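Hi everyone, thanks for coming along. Please have a look at the sequence and the model on the screen, and then we'll walk through them together.

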Amino acid sequence: MYAIGASMRACIEGKPPPSSIERDTGDSLQPAVELFAKRYPKHLLAAVDWAMRLKPEGRPQSAGVLRQALLGELPAPALP
């Protein structure tokens, strides 16, 4: 899931985000929902942020669930 979210974020931002391992040692990545809210729908950005959570259990647990969040059919959980 992280790789899917990171790939989408790279498309949005124009550069690859740090890996989850890099972020685990000191996370300074700003949520996409804060940085790109004027350019993309909030539900899409929230889904990308959800997929990029550091802990695997905090991410979507299936591609179907992520798809629903990306389409706005299922709200992504709020960031902790």
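Let me start with how the elements get their names: helices (H or I, at least four residues) and strands (E, at least two) are DSSP runs, numbered from the N terminus. With that naming, proline 77 lies in the segment after α5. We'll come back to that proline at the end.

Now, a word on what you are looking at. This is a predicted model, where local features need pLDDT of at least 70 and side-chain atom pairs count only at pLDDT 80 or more, while totals for chains, interfaces and linings use all residues. Residues are numbered from 1 along each chain as its sequence is written, and side-chain values use heavy atoms, with hydrogens and water left out.

Let's go to helix α4. How many of the residues of α4 are buried? By buried I mean under 20% relative accessible area, with exposed over 50% and partly exposed in between (1.4 Å probe, protein chains only). The answer is 7 of its 10 residues, so α4 is mostly covered. The buried ones are Leu44, Leu45, Ala47, Val48, Asp49, Trp50 and Ala51. They pack against α1, α3 (32–35) and α5, where contact means heavy atoms within 4.5 Å.

Let's take the first of those partners. Helix α1 covers residues 2–13 and helix α4 covers residues 42–51, and the two pack at an angle of about 135 degrees with their axes 7 Å apart. Those axes are lines fitted to C-alpha atoms, for helices over the stretch in contact, and angles run from 0 to 180 degrees between N-to-C directions. Angles under 35 degrees count as roughly parallel, over 145 as roughly antiparallel, 65 to 115 as roughly perpendicular and the rest as oblique. Therefore α1 and α4 are oblique to each other. On the α1 side, the contact is made by Tyr2, Gly5, Met8, Arg9 and Ile12, and on the α4 side by Leu44, Leu45, Val48, Asp49 and Ala51. By class, these residues are 7 nonpolar, 1 polar and 2 charged. Here Ala, Val, Leu, Ile, Met, Phe, Trp, Tyr, Cys and Pro count as nonpolar, Asp, Glu, Lys and Arg as charged, and the others, Gly among them, as polar.

Next, the partner on the other list: α5. Helices α4 and α5 pack at an angle of about 150 degrees, with their axes 8 Å apart. That makes α4 roughly antiparallel to α5. From α4 the contact uses His43, Leu44, Ala47, Trp50 and Ala51, and from α5 it uses Val65, Leu66, Ala69 and Leu70. This contact has 8 nonpolar residues, 1 polar and no charged ones. Leucine 70 touches Met8, His43, Leu44 and Ala47, not counting residues up to four places away in sequence.

So which residues have the most contacts inside the largest nonpolar core? A nonpolar core is a set of buried Ala, Val, Leu, Ile, Met, Phe, Trp, Tyr and Cys residues joined through side-chain atoms within 4.5 Å. The largest one has 15 residues, and Ile12 and Leu45 have the most contacts inside it. Two or more residues each come from α1, α4 and α5 (63–70), and α4 gives the largest share, 6 residues. Leucine 45 touches Ile12, Ala32, Val33, Phe36, Ala37 and Tyr40, again not counting residues up to four places away in sequence.

Is aspartate 49 buried or exposed? Aspartate 49 is buried, with a relative accessible area of 8%. Leaving aside neighbours within four places in sequence, aspartate 49 is in contact with Arg9, Pro31, Ala32, Val33 and Leu79. And here is proline 77 again: it is partly exposed, with a relative accessible area of 39%. Beyond its neighbours within four places in sequence, proline 77 is in contact with Trp50 and Arg53.
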